[in-house]
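Work through the following exercises with the coordinates at hand. Each task is followed by a stepwise solution.

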Amino acid sequence: MHGEYKIPGGKLVVVDLDTEGGALRNVRVAGDFFLEPDEALPAIDAALEGAPAHTGTAGLTARIDAALPSSTVMLGLTSEGVAVAVRRALAQATEWSDYDWQLIREAPRSPALHMALDEVITAEVAAGLRPPTLRVWEWDSPAVIIGSFQSLRNEVDPAGTDRHGVTVVRRISGGGAMFAEPSSTITYSLSVPQSLVSGLSFADSYAYLDDWVLEALGDMGIKAWYQPLNDIATEIGKIAGAAQKRVVGPDGGPGAVLHHVTMSYDIDADKMLDVLRIGKEKMSDKGTKSAKKRVDPLRRQTGLPRQTVIDNMIDSFRRRHGLTRGAVTADELARAEELVRTKFGTDEWTARVP
């Protein structure tokens, strides 16, 4: 069995192993990490040898930590990262390189149609009818996008949305409300097979699916990291938020994961505060005194035009994983438009949590 795990912000860990009698056998750990002393690597292998195959990530991590020499130094490597690679091997997880990735980057769409396309495209990936897909959005109008389980009245000020001509839509994933304007927001979706995140905890899958973005930002001079559960942050402030939805495959099969991210290229903070009801408790939890200071736009941090930032992100993905140009099919678009009519464009869906 073979498992790989790119530690977010770190290096690649590769584990090859067998199982015999319900235990791990012939465990070999490798990768492009840095590890001292040399004796630490065989110590890791020995710590995992014979471990019950059902041992979870925490248990495997503890075995590794207990076996390491006291002088061990790890760079780009963690004991937990090795444990995750073991769990991915046992789960027979797939890797990024196993797929031919497709890019969808098309003309601006309405907020409700974007919500519907996320659902349709991810369902197609779950059914094996389209390859894993990176879809870069363009908005045709400003919007507030609330999480699947958020209260509409608690999150949105209707007087503010009316004043500014902002459409309110509800997405299928959880998480918090986002404010998006066409020239100020960068949004993308990844629709991937469930097997790509097999062996990862729900929390770890967020950082794993966005590691390519951290590299792309680094290439543009921005040192960014994942701030659990679902924020991408820098020393100056938050620049993005992510959300996920797991979609079951046909006949209850393994299915697919929708992972989408909204990044702040620029922001009209006064308008955002006029349309969103951001409570004092939320601000306190974030350790800030003002919502205006929570988000630091990419325009200021990079000095680059919005389209250049998007181009750089796509180029980074293509270098790492390969990417061919695709499109929303006529059938997918028709199904999405029907979902707008029956679901995402209706008051029943938008106000399903009043």
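The exercises treat a strand and its neighbours, then a pocket.

The model is predicted, so local features need pLDDT of at least 70 and side-chain atom pairs count only at pLDDT 80 or more, while totals for chains, interfaces and linings use all residues. Residues are numbered from 1 along each chain as its sequence is written, and side-chain values use heavy atoms, with hydrogens and water left out.

**Exercise 1.** Determine how the side chains of strand β8 are directed and which strands pair with β8.

Step 1. Strands are DSSP runs (E, at least two residues), numbered from the N terminus. In β8 (residues 143-146), Ala143 and Ile145 point one way, and Val144 and Ile146 the other way. All are buried (under 20% relative accessible area, 1.4 Å probe, protein chains only).

Step 2. Pairing requires at least two DSSP bridges between two strands. With strand β9 (residues 167-170), β8 forms 4 bridges in the parallel sense; Ala143 has Thr167 as its bridge partner there.

Step 3. Strand β10 (residues 178-180) runs antiparallel to β8, joined by 3 bridges. Phe179 of β10 is the bridge partner of Val144.

**Exercise 2.** Which element supplies the largest share of the lining of the largest pocket?

Step 1. Lining residues have an atom within 4 Å of a pocket point; a pocket is an open set of points on a 1 Å grid over the protein atoms alone, where a 1.4 Å probe fits, with protein on both sides within 12 Å along at least five of seven lines.

Step 2. The contributors of at least two residues each include β10, β11 (185-193) and β14 (238-247).

Step 3. The largest share, 6 residues, comes from β14.

How values were computed:
Buried means under 20% relative accessible area, exposed over 50%, partly exposed in between (1.4 Å probe, protein chains only).
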